[in-house]
Amino acid sequence: MAEVIVVGAGPTGLLLAGDLAESGVAVTVLERRDGKVSNLSRAFGVHARTLEELDARGLADPLIPMGAALSKVRLFERVEVDLAGLASRFPYLLITPQYNVEHLLLERALKAGAEIVYDAEVIGLTQDGAGVTVTTTAGEHRAAYAVGADGYHSAVRQALGLPFPGKSVLKSIMLADVKVAERPAEMLTVNGVGDAFAFVAPFGDGYYRVFAWDRRHVVPDDAPLGMDELSEVTRRALGTDFGMHDPRWMSRFHSDERQVPDYRSGRVFLAGDAAHVHSPAGGQGMNTGLQDAANLSWKLAAVLRGAPDALLDTYQTERHPVGRSVVRSSGALIRAAMIESAAGRALRGFAARRALSVPKIREKITGQLTGIGYAYPAPDGAHELAGTRAADVPLAGGGRLYEALRGGRFVLLGDADVTGWDDRVRVAASAGFPAPLVLVRPDGYVGWAGTDPASLRRALAELAGPPAQALHR
């Protein structure tokens, strides 16, 4: 029997499953699709913080050659966010289709021992004090915990009866992958002119992803879409359609802003689009889901090893505010792009450029967009480093912190006795942190910092579970 059931084999579910399996947790992934990785994916960009999380799993270096690095992100007109100065190994946005990310995560999850059941649509879910039962069209599954990573129309969320409050922001957004006769001068081309908006970015395989929206022509998602309409709207927004031709797929969708109030319901959790959806502005959707998974996976593994159940509540306290921030910031971007009047658009550009010229504001905007600026709340009296993102510092004797995190382990920077936790904690020396002892969680955030060995052991028990001697009694 599985210890954790993950519903959904998209990027969020696959990262979660791979983490759990690498930590020795028996995990089953239930996927309603038939197992064919589709090229028809909406996500196309991987931000710096997500690349850092993938790096901690040995997946960033294989992914990077599959895409193109973008050091500046244009929001509209002459307003750009410069990523070159990011304090990260990855000071750029990687343009690559979602299926490349899915492929790497799928390989890792299977290699680690995760079981994936396809053609398994969830039709029911119940839970009790001992576990969760998930009923699918392929049979019934039982586990201690379950995670719904099954997207906007989450069957898990619906089975729990959880609300998904929010609203539709844009309807009838056109989406297509096309070839072009004229290569755009910029890697990412975007602009809004009031009644039209368009975005064009390369996939690196000869195709370009196009988003387009026409204020004059809002129709249902299932309305036919042709190249003539897509080209006309793109020309209005960008001044050219770059000679678009040979679409490999086209569709319409609507953009909602929604967030479930509670990411946890007893023994069931929600992650990714099942928990929050927002506008595509800024390309943060898949990234936020992957970071949800990175936050939740090690906590589930630790509680299954005996860590306090309260550790699972921190998934809500840490990730819900981030999801809310992404919903708000991406919403602000799309509303700014949709300003209709010429005077309003001129004011928009002026205000945005002024804001980005202020270092603190620029740092905050860049940190939110890329994910590296988020920190988690720390307990009262905790060291100032607790909850902050750990930089990828070099380690004494060679290597980097994020290499040491691979395998789902904690890393203790400093010199202390971790007997009993040797199977879960690596001890390494680094001069990169001001505190004498820094415990870095498997997701690359500081879990504890200080000087007292007794306090360290308490933190280890709370975050990683009891020492091995206690586990074997």
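Mentor: Start with a helix pair: helix 1 (residues 11-22) packs against helix 7 (residues 285-304) at about 25°, and their axes lie 8 Å apart. Keep in mind that this is a predicted model.

Trainee: How do I read that angle: are helix 1 and helix 7 roughly parallel or antiparallel to each other?

Mentor: Angles under 35 degrees count as roughly parallel. Helix 1 and helix 7 are therefore roughly parallel.

Trainee: Is the crossing of helix 1 and helix 7 left-handed or right-handed?

Mentor: Right-handed, as helix 1 passes helix 7. On the helix 1 side, the contact is made by P11, T12, L15, L16, D19 and L20. Helix 7 brings M286, G289, L290, A293, A294, L296, S297, L300 and A301.

Trainee: What is the make-up of that contact by class?

Mentor: The contact of helix 1 with helix 7 has 11 nonpolar, 3 polar and 1 charged residues.

Trainee: Is G283 buried or exposed?

Mentor: The cut-off for buried is under 20% relative accessible area. G283 has 17%, so G283 is buried.

Trainee: Which residues is G283 in contact with, leaving aside its neighbours within four places in sequence?

Mentor: G45 and H47. Look also at A43: its C-alpha atom is 7.1 Å from that of G283, although the two residues are 240 apart along the chain.

Trainee: G45 brings me to strand 3 (45-46). How do I read its sheet?

Mentor: The general idea comes first. Strands of a sheet pair through backbone hydrogen bonds, either parallel or antiparallel. Here, an open sheet of 3 strands runs in the order 3-7-4, with antiparallel pairing. Strand 3 and strand 4 (68-70) are the edges; each has a single partner strand, so one side of each has no neighbour in the sheet.

Trainee: How many bridges link strand 3 and strand 7?

Mentor: 2 bridges join strand 3 to strand 7 (residues 93-95), in the antiparallel sense.

Trainee: What is the strand order in the open sheet of 6 strands?

Mentor: 14-15-16-13-17-20, again with antiparallel pairing. Strand 14 pairs with strand 15 (residues 196-202) over 4 bridges. V190 has F199 as its bridge partner in strand 15.

Trainee: Which helix lies across strand 15?

Mentor: Helix 6 (residues 227-238), at about 100° to strand 15. Helix 6 also lies across strand 13 (166-179), strand 14, strand 16 (208-214) and strand 17.

Trainee: What do strand 9 and strand 10 form?

Mentor: A hairpin, with 4 residues between the two strands. Strand 9 (residues 122-127) and strand 10 (residues 132-136) pair in the antiparallel sense over 5 bridges. L125 stands opposite V134 in strand 10.

Trainee: Last, the backbone. What is the phi of D119?

Mentor: Near 55°, a positive value in a residue other than glycine. D119 belongs to the loop between strand 8 (115-117) and strand 9. D119 is partly exposed, at 47% relative accessible area.

Trainee: Where does D246 lie?

Mentor: In strand 17 (residues 245-259). D246 has a positive phi of about 50° and is not a glycine. At 47% relative accessibility, D246 counts as partly exposed.

Terms used
Residues are numbered from 1 along each chain as its sequence is written. This is a predicted model: local features need pLDDT of at least 70, side-chain atom pairs count only at pLDDT 80 or more; totals for chains, interfaces and linings use all residues. Side-chain values use heavy atoms; hydrogens and water are left out. Axes are lines fitted to C-alpha atoms, for helices over the stretch in contact, and angles run from 0 to 180 degrees between N-to-C directions. Angles under 35 degrees count as roughly parallel, over 145 as roughly antiparallel, 65 to 115 as roughly perpendicular and the rest as oblique. A crossing is left-handed if the near helix is turned anticlockwise from the far one by less than a right angle, and right-handed if clockwise. Contact means heavy atoms within 4.5 Å. Ala, Val, Leu, Ile, Met, Phe, Trp, Tyr, Cys and Pro count as nonpolar, Asp, Glu, Lys and Arg as charged, and the others, Gly among them, as polar. Two strands pair if DSSP finds at least two bridges between them. Buried means under 20% relative accessible area, exposed over 50%, partly exposed in between (1.4 Å probe, protein chains only).
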